[in-house]
Amino acid sequence: MTEKKFKTLVIIPVYNEENRIKTVLERFQEVAVDKILVVNDGSTDTTPDVIKSCGVETIIHQQRQGVGSSIRDGIDFARKNGFELVVVMAGNGKDDPREIPVLLKPIRDEDYDYIQGSRYLKGGVAGNLPFARRIGIKTFTFIWSLLLWKKLTDVTNGFRAYKISLFDDPKINIWQDWLSTYELEYYIHFWVLKLKYRFGEVPVSKIYPSKKKYSK
């Protein structure tokens with residue numbers, strides 16, 4: 001099947017990632033994407049200076065608004081600037097931009113609408129993930145599988161790729177005020193599956209730092 005070409009934007013929400021975001025951006029030297037957009041969600045450290053030194057386009061929130069608001073602003077930027085695909089990934093080093101082609105391949109080759117990265121498919125990696133958190137993720141994902149009657153493996157992984165055309169559907173209304181934090185990601189996930197858009201998962205790595213507290 002002939003690969004389709006889509007204009008692709010990578011959205012990277014960040015908050016106080018002065019020690020990690022530069023490494024993430026440097027890894028893009030090995031990846032072909034049309035544009036990288038960092039959404040600085042009110043960082044109070046030197047994150048803005050680090051991003052500026054890398055020469056990457058930035059949207060700046062003067063105060064912290066939440067990851068959902070950051071993703072939404074990225075999607076809005078994509079719609080206004082003619083992008084056809086968006087990739088959303090973490091700016092803290094947990095996601096590897098060199099795996100972006102894995103996310104995009106099913107969309108480009110097989111016309112999928114939304115691809116979710118999974119650390120639990122064969123070939124995926126869940127590095128340094130605390131045991132209790134692993135159980136919580138698997139339980140949460142199992143509940144989603146039951147509710148939507150579809151086998152899912154990693155609902156909480158924020159490494160994803162969407163066709164922008166999804167957001168032309170009035171049933172997927174991401175511009176609601178209550179979708180400013182992590183609710184947005186699950187809202188999109190739910191409606192894409194509920195409305196039976198073409199959805200798939202691909203194996204990716206998710207590497208956590210060895211020592212850190214988590215709150216998601």
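A residue is called buried when its relative accessible area is under 20%, exposed when it is over 50%, and partly exposed in between (1.4 Å probe, protein chains only). The model here is predicted, so local features need pLDDT of at least 70, side-chain atom pairs count only at pLDDT 80 or more, and totals for chains, interfaces and linings use all residues. Residues are numbered from 1 along each chain as its sequence is written, and side-chain values use heavy atoms, with hydrogens and water left out.

Helices (H or I, at least four residues) are DSSP runs numbered from the N terminus, as are strands (E, at least two). α5 covers residues 131-148, which makes 18 residues.

Which residues of α5 are buried? They are Arg133, Ile137, Thr141, Trp144, Ser145 and Leu148. Viewed down the axis of α5, these buried residues fall within an arc of 110° (taken from the directions from the helix axis to the C-beta atoms), so they line one face of the helix. The general rule behind such a pattern is that an α-helix has 3.6 residues a turn, so residues three or four places apart point the same way. On the face of α5 turned away from the buried side sit the exposed residues Phe131, Ala132, Phe142 and Leu147. The cover over the buried residues includes α6 (183-194), where contact means heavy atoms within 4.5 Å. Just after α5, Trp149 takes a positive phi of about 55°.

Next come the rings. Rings of Phe, Tyr and Trp (its six-membered ring) pair if their centres lie within 6.5 Å; planes under 30 degrees apart count as stacked, over 60 as edge-to-face and the rest as tilted. That rule gives 9 aromatic pairs. One of them joins Phe77 and Phe83, stacked at 6.3 Å centre to centre with 25° between the planes. Phe77 counts as buried at 15% relative accessibility, and Phe83 is buried too, at 7%. In contrast, Phe190 and Trp191 are edge-to-face, because their ring centres are 5.2 Å apart and their planes lie at 85°. Phe190 is partly exposed at 30%, and Trp191 is partly exposed at 25%. Ring pairs also link Tyr114, Tyr162, Phe167 and Phe199 into a cluster.

Technical notes
The expected span of a helix is 1.5 Å times one less than its number of residues.
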